[in-house]
Amino acid sequence: MSHSHADPIVGINWGSSNFRAYLIAADGRMADTLESTAGITTLSREGMIEAAHQVRARWPQAGAVYAAGMIGSNIGWVDAGYVDCPADMRLLGDSLVPTRIGDLPLHIVPGLACVREADGAPDIMRGEETELFGLLAADRLGGAPVVALPGTHTKWVRLRDGRVRDFMTAMSGEIHDRLSATGLLASVVEGPGHDGPAFERGVRAAATRTLGLGALLFGVRARVIRGVLARADASAYLRGLLIGSEIADALALFPELRGASVPLVGSAPVCALYQAALAALGVASTPVASADAVVRGFAGLHAMRG
């Protein structure tokens, strides 16, 4: 079946817990969406074929189909591997992995891997690269040297000349979720945590590096038990500790952070916490609307294929 560049394309952001497919018109606009909880971790191979079949049935007019995220991981349909940094969109486009899921031919976007300059440690990302290059293509990042993507596993990404040079991933969001749900701190921590004096105290306590996180985390319980910290503030203080420690790591690896405003890409409530934490440590930041970033990324990758 032949397709022309006038045909719409499909981009699928297929993560661990969610499936989001977009019909993208030839001019790069999003024309339709299909969302479900058909994330990779919930599906057998037959389930992946069924999800792909739904895309085929809904948008038979689509030309090329692209998928990014955990669908290309070692627990996905096929391991699409990683492209080594420094990487730009062309390198990513040249490294797409063609495959077929049931009756749907598609190209899977690889992740990015780096070896950080500052500490020589490896890091990886999968899914965020498509969003990042979409933001770069739309000139949404304003030439900032470092971008943060706050979330369960927050990414701090260093950019230069339209390329991703290296990056750091921190598990602060996951650690907060797990410590709030089970274990010793769960009995003193309630709610998601919010900005305010307790949050900022946590940020500063961790960022000063007097003690490591292991000691500071137990201190959340001791402070509540001894009446130094109100139980209602414990979640905010815990979040502050985790985010403050993470920002201190990012500043140590990427000193450029200090001199520029950091774009924050992610959900508004989480970005607001990071903005407050950065401000407490004297670093400017700006939330960036990212709703269409992944769509722009897929459109850009398709354009690269000429």
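Tutor: Let's go to helices α7 and α8, where α7 passes α8 in a right-handed crossing. Keep in mind as we go that this is a predicted model. Two packed helices are described by the angle between their axes and the distance between the axes. Here, α7 covers residues 231-253 and α8 covers residues 268-280, and their axes come within 10 Å and cross at roughly 65°.

Now for the residues that do the touching. From α7 you have Arg239, Ile243, Glu246 and Ile247. Facing them from α8 are Leu273, Tyr274, Ala277 and Leu278. Sort the residues of this contact by type and you get 6 nonpolar, no polar and 2 charged.

Let's step back for the whole picture. The protein has 9 helices and 14 strands. Its radius of gyration is 21 Å, close to the 19 Å that the globule rule gives for 306 residues, so the protein is as compact as a globular protein of that length. Of the 306 residues, 49% count as buried. The accessible surface comes to about 13,400 Å², and carbon and sulfur atoms account for 54% of that. As for how the chain meets itself, take the contacts between residues at least 6 apart in sequence: 66% of these join residues at least 24 apart.

Two other spots are worth a visit. One is helix α3, residues 128-137: 7 of its 10 residues are buried, so α3 is largely enclosed by the rest of the structure. The buried ones are Glu128, Glu129, Thr130, Leu132, Phe133, Gly134 and Leu135. Just after α3 comes aspartate 139, which takes a positive phi of about 55°.

The other spot is aspartate 166, which lies in strand β12, residues 163-170. Aspartate 166 has a relative accessible area of 1%, so this residue counts as buried. Leaving out residues up to four places away in sequence, aspartate 166 touches Cys114, Val115, Arg116 and Glu117, along with Trp156, Val157, Arg158 and Phe254.

How values were computed: Residues are numbered from 1 along each chain as its sequence is written. This is a predicted model: local features need pLDDT of at least 70, side-chain atom pairs count only at pLDDT 80 or more; totals for chains, interfaces and linings use all residues. Side-chain values use heavy atoms; hydrogens and water are left out. Axes are lines fitted to C-alpha atoms, for helices over the stretch in contact, and angles run from 0 to 180 degrees between N-to-C directions. Helices (H or I, at least four residues) and strands (E, at least two) are DSSP runs, numbered from the N terminus. A crossing is left-handed if the near helix is turned anticlockwise from the far one by less than a right angle, and right-handed if clockwise. Contact means heavy atoms within 4.5 Å. Ala, Val, Leu, Ile, Met, Phe, Trp, Tyr, Cys and Pro count as nonpolar, Asp, Glu, Lys and Arg as charged, and the others, Gly among them, as polar. The radius of gyration is taken over C-alpha atoms; the globule rule is 2.2 Å times the number of residues to the power 0.38. Buried means under 20% relative accessible area, exposed over 50%, partly exposed in between (1.4 Å probe, protein chains only). Accessible areas come from the Shrake-Rupley method with a 1.4 Å probe; for residues, only the protein chains shown count as cover.
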